[in-house]
Amino acid sequence: MSTKSNANASTHIALNIFHIIVVAPFFIYVAVVRGQLVPWIFSALTGLGIVLLVYHGYKSIIKWKAQSPSLWINAIHALAVAPLLIFIGSKGYDTPRWAFELLAILGFGALGYHLYSIVMQISEMSKYTGPSSHSQDSSDSRADS
């Protein structure tokens, strides 16, 4: 693996971990707690939605022009996640149930996708590192038997 590939893989793993530890639990928490949320959470959701819309909207345009195969990631954030966060944040306690349910779906979906992505990246990295010394030790011990 090249140095650029290693840096890219490290960045992707860091983003996956961030989504697993911060994003997914936060979305699920908001979806479950709903009407008992402290008021500032709604402002945070609106702000986060606006930031996501601007950032991922911009990245979507750049990737569209470049015909990037990863455009879908930014498009989902700009067209689905950001508007939902802005909607929930602006509606506050009057947010309809379906919006919280959709947020829960996005939270669990993000959790599953990013766990899967980490497993696949680790699997891909293990192809380049070869068999581990542990697996050699176990085959050596079987040969001694």
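Helices here are DSSP runs of H or I at least four residues long, numbered from the N terminus. The model is a predicted one, and its chain holds five helices and zero strands. Going along the sequence, the pattern is simply α-α-α-α-α. Of the 145 residues in the chain, 28% are buried.

α1 (3–33), α2 (39–65), α3 and α4 (97–129) each give at least two residues to its lining. The biggest contributor is α1, with 12 residues. The space in this pocket comes to about 1,100 Å³. A total of 36 residues line it, and those closest to its centre are L15, H19, I73, H77 and H114.

Even so, α3 has a bend of about 30°, and the bend sits at H77. H77 is also buried, as are N74, A78, V81, A82, L84, L85, I88 and G89 in this helix.

α2 can be described along similar lines. Its 27 residues should span 39 Å at 1.5 Å a residue, and the end C-alpha atoms are 40 Å apart, so the two values agree. The buried residues of α2 are I41, F42, L45, G49, L52, H56, S60 and K63. Following this helix is Q67, and here too phi is positive, near 55°.

Searching the whole structure turns up two salt bridges. One of them pairs R34 with E101, and the closest N and O atoms of the pair are 2.2 Å apart. This pair ties together distant parts of the chain: R34 belongs to the loop between α1 and α2, while E101 is in helix α4, 67 residues away. The other bridge joins E101 to R97, with 3.2 Å between the closest N and O atoms. Here both partners are in helix α4, four residues apart, or about one turn of the helix. Through shared partners, the salt bridges join R34, R97 and E101 into one network.

How buried or exposed are the members of this network? The cut-offs settle the matter, since buried means under 20% relative accessible area and exposed means over 50%, with partly exposed in between. R34 has a relative accessibility of 24%, so it counts as partly exposed. E101, with a relative accessible area of 29%, is partly exposed. R97 has a relative accessible area of 60%, and is therefore exposed.

Technical notes:
Residues are numbered from 1 along each chain as its sequence is written. This is a predicted model: local features need pLDDT of at least 70, side-chain atom pairs count only at pLDDT 80 or more; totals for chains, interfaces and linings use all residues. Side-chain values use heavy atoms; hydrogens and water are left out. The bend at a residue is the angle between axes fitted to the seven residues ending there and the seven starting there. Buried means under 20% relative accessible area, exposed over 50%, partly exposed in between (1.4 Å probe, protein chains only). On a 1 Å grid over the protein atoms alone, a cavity is a set of points where a 1.4 Å probe fits but cannot get out, and a pocket is an open set with protein on both sides within 12 Å along at least five of seven lines; lining residues have an atom within 4 Å of a point. Grid points are joined across faces, edges and corners, and a volume is the space filled by probe spheres set on the points. A salt bridge is a side-chain nitrogen of Lys or Arg within 4 Å of a carboxyl oxygen of Asp or Glu. The expected span of a helix is 1.5 Å times one less than its number of residues.
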